[in-house]
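I open these notebook entries for someone who has not looked at this structure before. I take the chain as a whole, then a few places along it.

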Amino acid sequence: MKLNDYKTLGRSGLRVSPLALGTMTFGTEWGWGAEEHTSRHMFDRYLEAGGNFVDTADGYTGGKSEEMVGKFISESKTRDRVVLATKFTFNAEPGNPNAGGNGRKNLYRALEGSLRRLKTDYIDLYWLHAWDMVTPVEEVVATLNDLVSEGKIRYYGFSDTPAWYLSRAATLAEKEGKARLIALQLEYSLVERNIEREHIPAAQELGLGITPWSPLASGFLSGKYKREGGSGTGDGRLEKTKESGNPTLKRFSERNWKILDVLLEVSRQMDRPPAQVALNWAATQPGITSTILGASKMTQLEDNLTAIEFTIPAELRGRLDEVSALESVHPYVFFEPFIQGMIHGGVSVSAWTPARIQTAPALSEAAPKPEAVPSTPRSAEQKRKSA
């Protein structure tokens with residue numbers, strides 16, 4: 001797979017690269033990340049390699065990420081080429097509850113700010129960043145549908161929401177003839193596979209693309225951190241955010257160290273960096289459309305861009321699957337072979353799935369070679385006379 005092997009994002013016509021450029025690392029306002037000149041080099045290199053999907057958010061580095069992305073796109077004159085995605089939800093004014101969340105008032109406020117910082121008049125993909133636990137799903141769907149109708153956004157998706165909530169949103173939009181969400185952005189990696197329980201099956205049923213974030217678990221799966229007692233140490237984001245209290249940055253657990261040990265062994269056998277192997281695993285899992293990269297250095301980006309150009313041998317992939325497998329818990333134990341065998345009488349029963357009868361040939365194969373195309377087509381009458 002190559003970076004310019006584009007896919008449609010879910011059941012939509014939006015074409016995206018199998019790797020997206022995440023820009024949470026654009027800016028150093030959070031105490032880590034990349035300065036503007038490095039961010040610009042990474043942006044240029046990603047597009048040069050064939051990528052077209054750029055992901056940011058209104059809250060990343062206090063809005064600096066959006067400002068940089070807007071500047072880079074404007075100066076490179078690539079607005080029509082780039083699939084530009086940003087997010088709303090997180091509060092921009094402490095003490096003001098309507099400056100955050102997913103209600104209509106904040107959604108319009110957030111979008112206006114993003115459009116200004118990104119120097120554009122529309123967003124290709126607008127993400128709800130997280131469930132706020134209070135806004136009715138009907139209001140969210142209606143507001144996003146209005147923004148599509150107004151031409152301010154082209155598509156929308158949900159990030160970090162319960163599977164039941166996104167399923168209700170998709171069903172309501174379909175029933176009411178409104179614009180439907182087309183994708184989910186969720187954490188997914190060898191150390192975080194919980195979306196396999198509900199979100200990936202829901203996405204398959206509803207026609208949603210999935211764009212994983214943190215496929216390297218905030219750099220943990222790169223192998224640069226070492227055990228230190230009950231924690232870990234190393235030069236990177238996890239070291240600098242140890243005391244932040246952010247649950248998404250708590251990676252130093254016994255289970256995760258065991259997964260890392262197997263990953264390191266697999267990477268040695270493949271003669272590949274562990275980060276490449278971990279990224280390849282996530283990007284090639286069933287249901288995944290475009291995986292978000294989070295590099296802060298050019299060397300990291302270069303490694304990541306080639307991470308989908310090889311195949312993990314089945315035996316080694318099996319080892320990674322096994323060590324990172326989800327715990328069997330209720331009610332999912334009922335969907336596993338033992339009880340399913342009781343349901344189906346001990347015989348094999350498979351669900352019907354749609355089959356793709358015709359696949360489009362590769363563009364290079366479909367396009368006629370110049371020498372094979374006659375300069376003047378001959379009619380049947382001309383062929384008869386020449387014979």
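**Entry 1, ground rules.** I note that this is a predicted model, in which local features need pLDDT of at least 70 and side-chain atom pairs count only at pLDDT 80 or more, while totals for chains, interfaces and linings use all residues. Residues are numbered from 1 along each chain as its sequence is written, and side-chain values use heavy atoms, with hydrogens and water left out.

Of the 387 residues, 47% are buried, where buried means under 20% relative accessible area, exposed over 50% and partly exposed in between, with a 1.4 Å probe and protein chains only. I also noted that, of the contacts with a separation of 6 or more, 74% are between residues 24 or more positions apart, a contact being heavy atoms within 4.5 Å.

I looked at helix 1 (residues 36-48) and helix 10 (residues 298-305), whose axes come within 10 Å and cross at roughly 20°; the axes are lines fitted to C-alpha atoms over the stretch in contact, and angles run from 0 to 180 degrees between N-to-C directions. The two helices are therefore roughly parallel to each other, a label for angles under 35 degrees, with over 145 counting as roughly antiparallel, 65 to 115 as roughly perpendicular and the rest as oblique. From helix 1 the contact takes His41, Met42, Arg45 and Tyr46, and from helix 10 it takes Met298, Leu301, Glu302 and Leu305.

I checked the length of helix 5 (residues 163-176): at 1.5 Å a residue its 14 residues should span 20 Å, and the end C-alpha atoms are 20 Å apart, which agrees; the expected span is 1.5 Å times one less than the number of residues. Its buried residues are Ala163, Tyr165, Leu166, Ala169, Ala170, Leu172 and Ala173, and they pack against helix 4 (137-149), strand 7 (153-159), strand 8 (183-187) and helix 6 (199-206). Just after this helix, Gly177 takes a positive phi of about 70°.

Where does Ile292 lie? I find Ile292 in strand 12 (residues 291-293), buried with a relative accessible area of 8%. Leaving aside neighbours within four places in sequence, Ile292 is in contact with Ala20, Gly22, Asp55, Gln185, Thr211, Pro212, Trp213 and Pro215. The C-alpha atoms of Ile292 and Phe53 are separated by 9.0 Å, although these residues are 239 residues apart along the chain.

As background, most residues other than glycine have a negative phi, and most peptide bonds are trans. Thr89, in the loop between strand 5 (83-88) and helix 3 (104-118), has a positive phi of about 145° although it is not a glycine, and Thr89 is buried at a relative accessible area of 7%. Ser214, in the loop between strand 9 (209-213) and strand 10 (226-228), also is not a glycine and has a positive phi of about 55°; Ser214 is buried, with a relative accessible area of 14%.

Note on methods. Helix = DSSP H or I, 4+ residues; strand = E, 2+ residues; numbered from the N terminus.
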